[in-house]
Amino acid sequence: MTYDPLLRALPATLDELPTPVLVVDVDRLDRNISDMAGRFAAAGVRLRPHIKTSKCWAVARRQLAAGAIGFTCSTPAEVAWLQEHGVPDLLLAHLPVGPRKVEFVVAAAARGGLTVALDSAEAARPLAVAAAAAGIVVPFVLEVNTGHARTGVEPDAAGARAAELAGLGGLRLRGVQTHEGHLAAHRDRGARERAGTAAGTLLGEIAARLRADGHELDMVSVGSTPGATSAPFAPGVTEGRPGTYVYYDANQVRLGSAALGRCALTVLARVVSVQRSGRAIIDAGIKAMSSDTIAAAGSVGVACDPAVRPVPGVVFAEANEEHGFLTGGGAAALSVGDLVRVVPNHACGTTNMWSHVVAARGDLLLGDWPICARY
Ligand SMILES: Cc1ncc(COP(=O)(O)O)c(C=O)c1O
């Protein structure tokens, strides 16, 4: 039997919700979407948000309506789900390695509108062979390392690698791509902006060199939320792929990419026990929050009141699976039944824990939105 009280009926107000529950503030969401879309439109740069942050069609629809050209995806499930919704322009920005993924990519590319990221001949060759066998050509972007050092060819090797992959047959080089994730290491805003501009500029220069080698490129793609005010606006960059901006989160607040007042995603919880002094236990643990960056941040998230104002003197210090431990001087003021609204460290990790998110405007509940394409 499925036990989900929200399946019966959505209550009218936040305080009537069963907890824990994932909540999105629609006014904050809409503001995040329109601000980012406005900045990109003003600069004439295309916006291809990463769908991993919301995995939610009600959110994706709003991003498309605000001018997004399509989406960035990490998984075949995200691609398949967005294709079902008829989204015409998708980038699978995760290297498609392994026979089933290759098979999926060929079938999805045959439907049209899919570009994939590649960085090596080892990853590209099985895809090239399968595409040629299916009689199609799969468009790809060459992923380049501009400092994050995760995947991506080194800049000096980009020319040779592009020629190698483009020569395999079954594949068509349409651009270059980078994820400037290393910007999260820069706490200083000025240094972060300079590093973002440097990453975008480097990618633009690599694209210019590839064009000089005879490649026709229409896609020079950077992507991250910490870099969303710098990298996409560097010379030669055609598009940006921020994802987290749609909700923001406590990590982005610590980094300085957003104020707490911009965070649209929260986990609503209740205090369930105050048996030990200086410690209140809530009904949201790591299965509600995810354990993403708890160690680095020293907290599971920012504990707030129902209006999303931090509860003074309260730290969400640690968590078990379904129990959260609120400590600090302010915890003594909490009573059983009190509502606590937690801004997660990493919105994308938290989203992936949930199958639905309740949409709210202030205290009023508007709907219960499905979250799709989770692991
Ligand atoms: C390839 C790629 N593009 C874009 C993004 C979006 O970055 P952010 O989560 O900082 O918005 C990510 C995030 O991991 C990514 O891996």
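Axes here are lines fitted to C-alpha atoms, for helices over the stretch in contact, and angles run from 0 to 180 degrees between N-to-C directions. The model is predicted: local features need pLDDT of at least 70, side-chain atom pairs count only at pLDDT 80 or more, and totals for chains, interfaces and linings use all residues. Residues are numbered from 1 along each chain as its sequence is written, and side-chain values use heavy atoms, with hydrogens and water left out.

**View A. Packing of helices α2 and α3.**
Helices (H or I, at least four residues) and strands (E, at least two) are DSSP runs, numbered from the N terminus. Helix α2 spans residues 26-43 and helix α3 spans residues 57-65. They pack at about 35°, and their axes lie 10 Å apart. The crossing of α2 with α3 is right-handed (left-handed if the near helix is turned anticlockwise from the far one by less than a right angle, right-handed if clockwise). Contact means heavy atoms within 4.5 Å. From α2, Val26, Leu29, Asp30 and Ile33 meet Val59, Arg62 and Gln63 of α3. By class, this contact of α2 with α3 has four nonpolar residues, one polar and two charged. The classes are nonpolar (Ala, Val, Leu, Ile, Met, Phe, Trp, Tyr, Cys and Pro), charged (Asp, Glu, Lys and Arg) and polar (the others, Gly among them).

**View B. Packing of helices α5 and α6.**
Helix α5 covers residues 99-111. Its axis and that of α6 come within 9 Å and cross at roughly 45°. The two helices, α5 and α6, are therefore oblique to each other (angles under 35 degrees count as roughly parallel, over 145 as roughly antiparallel, 65 to 115 as roughly perpendicular and the rest as oblique). Their crossing, α5 with α6, is right-handed. Val102, Val105 and Val106 of α5 touch Pro126, Leu127, Ala130, Ala131 and Ala134 of α6. The contact of α5 with α6 holds eight nonpolar residues, no polar and no charged.

**View C. Packing of helices α6 and α7.**
Helix α6 runs over residues 121-134, helix α7 over residues 158-166. The angle between them is about 20°, with the axes 10 Å apart. That makes α6 roughly parallel to α7. The crossing of α6 past α7 is right-handed. Ala121, Ala124 and Arg125 of α6 make the contact with Arg161, Glu164 and Leu165 of α7. The contact of α6 with α7 splits into three nonpolar, no polar and three charged residues.

**View D. The largest pocket.**
A pocket is found on a 1 Å grid over the protein atoms alone, as an open set of points with protein on both sides within 12 Å along at least five of seven lines; a cavity is a set of points where a 1.4 Å probe fits but cannot get out, and lining residues have an atom within 4 Å of a point. Grid points are joined across faces, edges and corners, and a volume is the space filled by probe spheres set on the points. The largest pocket has a volume of about 1200 Å³. It is lined by 43 residues; closest to its centre are Lys52, Arg150, His179, His346 and Cys348. Elements giving two or more residues to this lining are β3 (71-73), α9 (250-255), α11 (294-297) and α12 (347-351). The largest share, four residues, comes from α9. The lining of the largest pocket divides into 11 nonpolar, 21 polar and 11 charged residues.

**View E. The largest cavity.**
The largest cavity holds about 50 Å³ of space. Its lining consists of Glu143, Val144, Asn145, Thr146, His148, Ala149, Arg150, Thr151, Thr178 and His179. Two of the lining residues of the largest cavity are nonpolar, six polar and two charged.

**View F. Backbone details in two loops.**
The peptide bond from threonine 19 to proline 20 is cis, with omega near -5°. Proline 20 sits in the loop between α1 (5-8) and β1 (21-25). Tyrosine 248, a residue other than glycine, has a positive phi, near 55°. Tyrosine 248 lies in the loop between β9 (239-240) and α9.
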